[in-house]
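Below is a short briefing on a predicted model. It starts with a single residue and then moves to the chains and the interfaces between them.

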Amino acid sequence: MKKTLLSLAAAAAVMSFGTMAAEAKVKACFIYVGPIGDFGWSYQHHQGALEAQKQLGEDNVELAYLESVPEGADAERALERFARSGCNIIFTTSFGYMDATNKVAGKFPDVKFEHATGYKREHPNVSTYNSKFHEGRYVQGVIAAKMSKAGVAGYIASFPIPEVVLGINAFMLGAQSVNPDFKLKVVWANTWFDPGKEADAAKALIDQGADIITQHTDSTAAMQVAAERGVKAFGQASDMIKFGPDTQLTSIVDNWGPYYAKRIKAVMDGNWEQSDVWGGMADGHVVMAPYTNMPDDVKKAAEDTQAKITGGFSPFTGPINKQDGTEWLKAGEVADNGVLLGLNFYVKGVDDKLPQ
Amino acid sequence: MGVIEAILLTIATAATPLLIAAIGELVVERSGVLNLGVEGMMIMGAVTGFGVALLTGSPWLGMLGGIVVGALFSLLFGFLTLTLVTNQVATGLALTLLGLGLSGMLGESFVGQPGIRLPNLHIPVLSDLPFVGGLIFGQDPIFYVSIALTAGVAWFLFYTHAGLTLRSVGDNHASAHALGINVIGIRYLAVMFGGACAGLAGAYLSVVYTPQWVENMTAGRGWIALALVVFASWRPWRVLAGAYLFGAVTIGQLHAQALGLGIPSQLLSSLPYLATVVVLVLISQNKRLTMVNTPASLGRPFVPDR
Amino acid sequence: MRIELSKRPQHSTLFSVLSPFIALALTLVAGAIMFSLLGKNPGEALYFYFIDPLREVWSLHELAVKAAPLILIAVGLSICYLSNNWNIGAEGQFIAGAVLGSFIPVVFPGFQNWTVLPLMLIMGMAGGAAYAAVPAYLKVRFNTNEILTSLMLVYVAQLFNDWLVRGIWRNPEGMSFPGTAPFHEYAVLPAIWPDAGRAHWGIVFALVAAVVAWFMLSKTLRGFEVKVLGQSPRAGRFAGFSSSRMVFFAFIVSGALAGLAGICEVSGAVGHLNEKLSIGYGFTAIIVAFLGRLNPLGIVAAGIILALTYLGGEAAQISIGVSDKVVRAFQGMLLFFVLACDTLIHYRIRLVSALPRSKTAEA
């Protein structure tokens, strides 16, 4: 069914565009912070780019990309080069490109810019987009609380930015919805990508009694350690089942393809407009890898939770108390997006002191 | 498995690659050559080790591949510094750069593939003994290699004639040459031994530690190995102590975090580096100790007179 | 066959001039082979690497932005290396300069007038110099190996900067993301010709530093002292030079220049201090220093060539899909060839047949 829809969409794209395709090929350009071979964040963005191109047809869309572009002075140069080399739409796929994106966008008003995970839109040709990965983490929390015998999960975190804090809180809330006494231990690896360090962090967490490992870092090392030590784990960014066939419970898969296709299509059709999109499960931005290595009742609970979120439920629905016990959200109150995007405190029950 | 035992095992795994690479560099420096390219040789060993293990299905061949490529790659350094007498510091840095770039190119098709792990030793009964079983009889084979290597190098350097020759080359290459010793030949062998060790250490990372290939996966461990050699004042058993101390600090800071103590993680992460500086100072302050152990010709080029 | 070196009685002037060009030519040949092996047209690839970035004005500006920190740092390092002080922690001094230089606009954002920028530059230099003085002090006082201490301090500086911009220096309006607030207009190092491109005054500082250093090294007693102590500390002592003072001099000058590069990068190219500052300028500058054969004027050319490989790497990536890893391999090769060719200056190289002894026996 999904396939038919896709090919229909592709066919529609080709038809609506058809004759003028040859002269008006859209050039979509992507700038990645890591190597596309990281099998994590940049890899998934690149997969999304390829999927969008496939969907809209190679005759209509030309791709160009730059990988491992540092987020300092180099980003501005890379973007300017893109803009001058005839890109019609440029996706800047890391938070650190925010200022460079807005600066270059000011110089090239005819080029559309799409910045991932940022909040500045200083010119009408800049849009921002992001995904509600925390919805997936809430589901993971539910699974963790059901699967854990010790009632303790270990969380390998990268850097204390709102996105990561949001994920930790969502995981905790999901777990508490099953087991109010659930414990969560957090280790800050201070890296997005260092397999050795991530493996060490996973070992430390397991040694301290965690029997479920989840991560907000990009390598597959923690999954392998969990497999070796015989505990369960969640994947990150992409489906990591290959690295833990008997270990992975599920994985949050960053699915950028549909959004990229939609935005590139808008440029083709000449109706691109500035927007700020924060897509979640309901929009297909966040996809859960198959629920594996768990009994049927847990799988059922996971699927029910997923359905609930897709139906509009926010994991951040009160009553929720902050870590120090003070009230954050009253019963039934839903946190607004602005607060969530700048979140810098834990909810009650997280066993860690948030680095400030 | 008890918590303490588990922590000790983790420390051993973290220390092993540092120990192997540092022991190799120790021999190189004892012969009077400073090779700053450890990181580059390690990463070449890592990509080869992973690739060979993946393609042949044998992790042992992977380790061997890492050793061979590490040694070959170090020959490049040897040719420049020993035959063409180039500056050793700059050449070592070039080797690191080249290694990081080349390994990234060679490894592009390995990304995202699960590797094959070298299985741990398992001796029935012994490996299952409480507490000591896993530590003494149940680790990965390369752990034992690293200990044997330390013992072997310590014995070689201080109890054999060949070891004495190597040290004399490092202490005073001019008089060693006058005695009819082939200075350049011995230094070539030492450099290749260092390369082989670095290659093995790299392969350990990609085949045992975290069986996968990613760019830059050595993440600065080659530099730590270099620091360990000086930290140990060029004594093999002290290298072992240093590597385990470093491993313990690294793992300890993760445990301190998991306990929720709330110390800034950046401070904890910088402790190993600060500790190295402090120990370097303490060691070099002791003039007698430094004089006895430092290879006097370290880093000096040698051109035989004719 | 084996290779034998015999020392030339004097440096070969011919090869002093020729060797960088021979090295560059060899690198181009090796590069062409590498591109062919990767299945790319070598001519096209080399064109994108070395010619394409030079064709447009904006791109030349970018070249200056990229080359400025490399030249600044490398000029300082050349003084260190010539005097036999192995400072390889310039990256840490770069960060220290960036951090201390950012102190005024971050801590006193209300203090806004024309004195801010000069103060920032001075504090940046002071920060780098102070940070470089640590390994210098340890070397002089305790005889500690400066290669290792300066390197270890790089990691400490990176982590300290990380802690600052995520903690007490974080932009209060930055949605809890790391990084300080954007600098106000008085704290921004201006572009030279804002209409043409982004090149800021950093490149001017770099050129001035190179010329001053060149003059100091080749025309003054201090420069003579640097070289004598570098080549033979004993001879230097007989001449009455103090090697301890030289250690401090070399480290502090090179630290100050690295610190200046740091604050110029933050204030000129980026506009605020963040945790992504450190991308290896301090290490790449070591290549630049050697590529320029430790001569400040040579370093200017070397810095531009190295910067060109970064820009060209991007152009080649966009146009013909050459991976970014090629850039690093390329830089490594270039340095190898430069070092190897330098041998020609000091030595004659002969290929000797493997059996020299038996021949003598026959005769």
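Apart from neighbours within four places in sequence, C:Thr180 is in contact (heavy atoms within 4.5 Å) with C:Val106, C:Val165, C:Trp169, C:Asn171, C:His272 and C:Leu273. C:Thr180 lies in the loop between α7 (146-166) and α8 (202-219) of chain C; helices (H or I, at least four residues) and strands (E, at least two) are DSSP runs numbered from the N terminus. With a relative accessible area of 4%, C:Thr180 is buried, where buried means under 20% relative accessible area, exposed over 50% and partly exposed in between (1.4 Å probe, protein chains only).

This is a predicted model, in which local features need pLDDT of at least 70 and side-chain atom pairs count only at pLDDT 80 or more, while totals for chains, interfaces and linings use all residues. Residues are numbered from 1 along each chain as its sequence is written, chains are lettered from A and ligands numbered from 1 in the order in which they are written, and side-chain values use heavy atoms, with hydrogens and water left out.

**Chain C**

- Chain C holds 15 helices and 2 strands.
- The C-alpha trace of chain C spans about 90 × 60 × 35 Å along its principal axes.
- Of the 363 residues in chain C, 59% are buried.
- Among contacts in chain C with a separation of 6 or more, 77% are between residues 24 or more positions apart.

**Chain B**

- Chain B has 13 helices and 0 strands.
- Chain B has a radius of gyration of 20 Å, close to the 19 Å that the globule rule gives for 306 residues, so chain B is as compact as a globular protein of that length.
- Taken along the principal axes, the C-alpha atoms of chain B fill a box of roughly 65 × 45 × 40 Å.
- Buried residues account for 62% of the 306 residues in chain B.
- In chain B, 77% of the contacts with a separation of 6 or more come from residues 24 or more positions apart.

**Interface of chain C and chain B**

- Here 41 residues of chain C are in contact with 46 residues of chain B.
- About 4,000 Å² is buried between chain C and chain B, and carbon and sulfur atoms give 79% of that area. Buried area is the accessible area (1.4 Å probe) that two parts lose on being put together, summed over both.
- On the chain C side, C:Lys325, C:Arg328 and C:Phe336 lose the most area to chain B, together 18% of what that side buries.
- There are 2 salt bridges between chain C and chain B, a salt bridge being a side-chain nitrogen of Lys or Arg within 4 Å of a carboxyl oxygen of Asp or Glu.
- B:Glu108 and C:Lys325 form a salt bridge through their side chains, at 3.1 Å from N to O.
- Between chain C and chain B, 3 residue pairs are in polar contact (both at pLDDT 80 or more). A polar contact is a pair of N or O atoms within 3.5 Å; within protein, one must be able to donate a hydrogen and the other to accept it, and residues adjacent in sequence count only if both atoms are side-chain atoms.
- The elements that give two or more residues to the side of chain C that touches chain B are β1 (2-7), α6 (116-142), α7, α12 (281-291), α14 (325-346) and β2 (347-352) of chain C.
- α14(C) gives the most to that side, with 12 residues.
- The side of chain C that touches chain B has 28 nonpolar, 8 polar and 5 charged residues. Ala, Val, Leu, Ile, Met, Phe, Trp, Tyr, Cys and Pro count as nonpolar, Asp, Glu, Lys and Arg as charged, and the others, Gly among them, as polar.

**Interface of chain A and chain B**

- Contacts join 33 residues of chain A to 33 residues of chain B.
- The area buried between chain A and chain B is about 2,700 Å², with 54% from carbon and sulfur atoms.
- In chain A, A:Asp200, A:Asp207 and A:Gln208 lose the most area to chain B, together 19% of what that side buries.
- The count between chain A and chain B is 2 salt bridges and 7 residue pairs in polar contact (both at pLDDT 80 or more).
- The elements of chain A that give two or more residues to the side touching chain B are β7 (183-188), α7 (195-207) and α8 (221-229).
- α7(A) gives the most to that side, with 10 residues.
- By class, the side of chain A that touches chain B has 13 nonpolar, 7 polar and 13 charged residues.

**A:Asp194**

- A:Asp194 sits in the loop between β7 and α7 of chain A and counts as buried at 11% relative accessibility.
- A:Asp194 and B:Arg221 form a salt bridge, with the closest N and O atoms 3.9 Å apart.
- Leaving aside neighbours within four places in sequence, A:Asp194 is in contact with B:Ala219 and B:Arg221.

How values were computed:
Rg over C-alpha atoms; globule rule 2.2 N^0.38 Å.
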